[in-house]
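The structure goes in first.

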Amino acid sequence: MKNNIIVYFTLLLSLIILDGIWLGLVAKDGYQQAMGHIMREQVIIWPWVAFYLLYPLAILLLAIKVQLPTQSRFYFPWRGFVLGAAAYGTYNLTNYALVVNWPLSITIKDWLWGAFLTANCTWVGGLVWLK
């Protein structure tokens, strides 16, 4: 149980740091330019909180705490990439299909970012899990 909690908080911290850098520095202007016309002036915080509390748990249960014949640190990024591609793909592809003027460039960029982000966080969390 203690290991689960440590890995969960490792994942949470990794997600917040990496996504904070991505959303706050790297991609901020691109998102604003591409989606500024559909963005809220006043951001609603609770959906972010819900996501950042739930997603590390999903990574832990679906990509790290998986029963395999061999636990290798090389399995974690791959499983994380697949989980991230599925999760972020669901969000981005659904928005692209349903939301008028949802940019294809954001769909692809955010989808790839989510897969990369989840792979890296899963790798870090997986290394902590194996210790």
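**Ground rules.** I am working from a predicted model, where local features need pLDDT of at least 70, side-chain atom pairs count only at pLDDT 80 or more, and totals for chains, interfaces and linings use all residues. Residues are numbered from 1 along each chain as its sequence is written, and side-chain values use heavy atoms, without hydrogens and water.

I looked up the largest pocket and noted a volume of about 1,100 Å³. A pocket here is an open set of points on a 1 Å grid over the protein atoms alone, where a 1.4 Å probe fits, with protein on both sides within 12 Å along at least five of seven lines; lining residues have an atom within 4 Å of a point. Volume is the space filled by probe spheres set on the points, which are joined across faces, edges and corners.

I counted 26 lining residues, with Leu23, Met35, Met39, Trp48 and Tyr91 nearest the centre. H3 gives the most to this lining, six residues. Helices are DSSP runs (H or I, at least four residues), numbered from the N terminus. By class, I noted 20 nonpolar, two polar and four charged residues in the lining. Nonpolar means Ala, Val, Leu, Ile, Met, Phe, Trp, Tyr, Cys and Pro; charged means Asp, Glu, Lys and Arg; the others, Gly among them, are polar.

**H1 and H3.** I found their axes 9 Å apart, at an angle of about 120°. Axes are lines fitted to C-alpha atoms, for helices over the stretch in contact (heavy atoms within 4.5 Å), and angles run from 0 to 180 degrees between N-to-C directions. H1 is therefore oblique to H3. Angles under 35 degrees count as roughly parallel, over 145 as roughly antiparallel, 65 to 115 as roughly perpendicular and the rest as oblique.

**H4 and H5.** I read a crossing of roughly 150°, with the axes coming within 7 Å. H4 and H5 are therefore roughly antiparallel. Their contact has 19 nonpolar, nine polar and one charged residues.

Methods. Helices (H or I, at least four residues) and strands (E, at least two) are DSSP runs, numbered from the N terminus.
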